Amino acid sequence: MAWVFVVELLAAAAVPFDAARERQARPAQLIAPVQGYSNAAAKPLLVGDRAVRLLNLGGPAAAGLLSRIAANMGSAVERVEAFWGVDWSRDISVVATGTDEQFRSAAGSGPGSQWADIAAVTVADQVDYAHRVAVGQRIVFAPGAANMSESALRIVLTHELFHYAARVDTADDAPHWMMEGVADFVARPAAPVPAEARSAYQPMPSDIDLNTPGPTRSLAYDRAWWFARFVADTYGTPKLRAYYLATCRPGHPDALTAANDALGVDPAGLLAGWTQWMVR
Ligand SMILES: [Zn+2]
């Protein structure tokens, strides 16, 4: 059994979020499960018919972060529901940590170097696809997340909440570029694509690029986000959701076959449309 990590990074809080994005989000990691976080918080915050459990492991700074998360949870849930629908976990667990050690422990026992510059992770101990249950699922915020700007926090929270909602429909071997691109589609305002990216040929997003540190990875995350926007603009937002499911669900085919199934477009048509959308 593998445990997928969906790990996010954090852009420097002081930088306007759409300017210099230093995306360093990490690929999935195989980790040992950490038990006991799902029911650890006492009194849940109610958001509609969902119960949000906020667990503070980190003292006053983490308490401040959790109160900001509580204030932004309603709009994050709304955004996720607007895209994904309402049929997902009624229980949402959020953990705020105060030290790197706490973060590693709550997020999983990976080597410390894996966690540099990461704002939050969404992790589950185990996923039961047949019963559509993610056991021990939680969004874990790193200590540095307390320094995020309000807009950056909203984006990270919404992005993680999409992973949380989609987890029982996301296989362990789903393409990470699809997971990340759609999470950003749900979470981020649709900023214009920079001219230098429009004028250069952009291949299909790929996990190989996503796993290559440095500028390749940064561009790969942007490309995944733009690709999701291309699909939504061209075929409609509900089709992007269908394409995510076709590409990520257990037993999924490759992304081009999934495009044929979900969008009714062959590989040549998909690539032509993607190139047109980028240069438009
Ligand atoms: Zn993500």
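In this predicted model, helix α8 meets helix α9 through Lys 239, Ala 242, Tyr 243, Ala 246 and Thr 247 on the α8 side, and through Ala 255, Ala 258, Ala 259, Ala 262 and Leu 263 on the α9 side. Sorted by class, this contact consists of eight nonpolar residues, one polar and one charged. Helix α9 spans residues 255–263, and its axis comes within 9 Å of the axis of α8, the two crossing at roughly 135 degrees. Because angles over 145 degrees would count as roughly antiparallel and those from 65 to 115 as roughly perpendicular, this value makes α8 oblique to α9. The crossing of α8 past α9 is right-handed.

Helix α7 covers residues 215–235 and α8 covers residues 237–248; their axes lie 6 Å apart, at an angle of about 130 degrees. That angle makes α7 oblique to α8. The crossing of α7 and α8 is right-handed. On α7 the contact is made by Phe 227, Ala 228, Val 231, Ala 232 and Tyr 235, and on α8 by Thr 237, Lys 239, Leu 240 and Tyr 243. By class, seven of these residues are nonpolar, one is polar and one is charged.

Arg 132 is found in the loop between strand β6, residues 126–128, and strand β7, residues 133–135. The phi angle of Arg 132 is near 55 degrees, which is a positive value in a residue other than glycine. Arg 132 counts as partly exposed because its relative accessibility is 39%, a value between the cut-offs of 20% for buried and 50% for exposed.

The protein as a whole can now be described. The chain forms 10 helices and eight strands. It has 280 residues, and 51% of them count as buried. Its accessible surface comes to about 11,600 Å², with 56% of that area belonging to carbon and sulfur atoms. Contacts can also be viewed by separation along the chain: among those between residues at least 6 apart in sequence, 72% join residues at least 24 apart.

Key. Residues are numbered from 1 along each chain as its sequence is written. This is a predicted model: local features need pLDDT of at least 70, side-chain atom pairs count only at pLDDT 80 or more; totals for chains, interfaces and linings use all residues. Side-chain values use heavy atoms; hydrogens and water are left out. Axes are lines fitted to C-alpha atoms, for helices over the stretch in contact, and angles run from 0 to 180 degrees between N-to-C directions. Helices (H or I, at least four residues) and strands (E, at least two) are DSSP runs, numbered from the N terminus. Angles under 35 degrees count as roughly parallel, over 145 as roughly antiparallel, 65 to 115 as roughly perpendicular and the rest as oblique. A crossing is left-handed if the near helix is turned anticlockwise from the far one by less than a right angle, and right-handed if clockwise. Contact means heavy atoms within 4.5 Å. Ala, Val, Leu, Ile, Met, Phe, Trp, Tyr, Cys and Pro count as nonpolar, Asp, Glu, Lys and Arg as charged, and the others, Gly among them, as polar. Buried means under 20% relative accessible area, exposed over 50%, partly exposed in between (1.4 Å probe, protein chains only). Accessible areas come from the Shrake-Rupley method with a 1.4 Å probe; for residues, only the protein chains shown count as cover.
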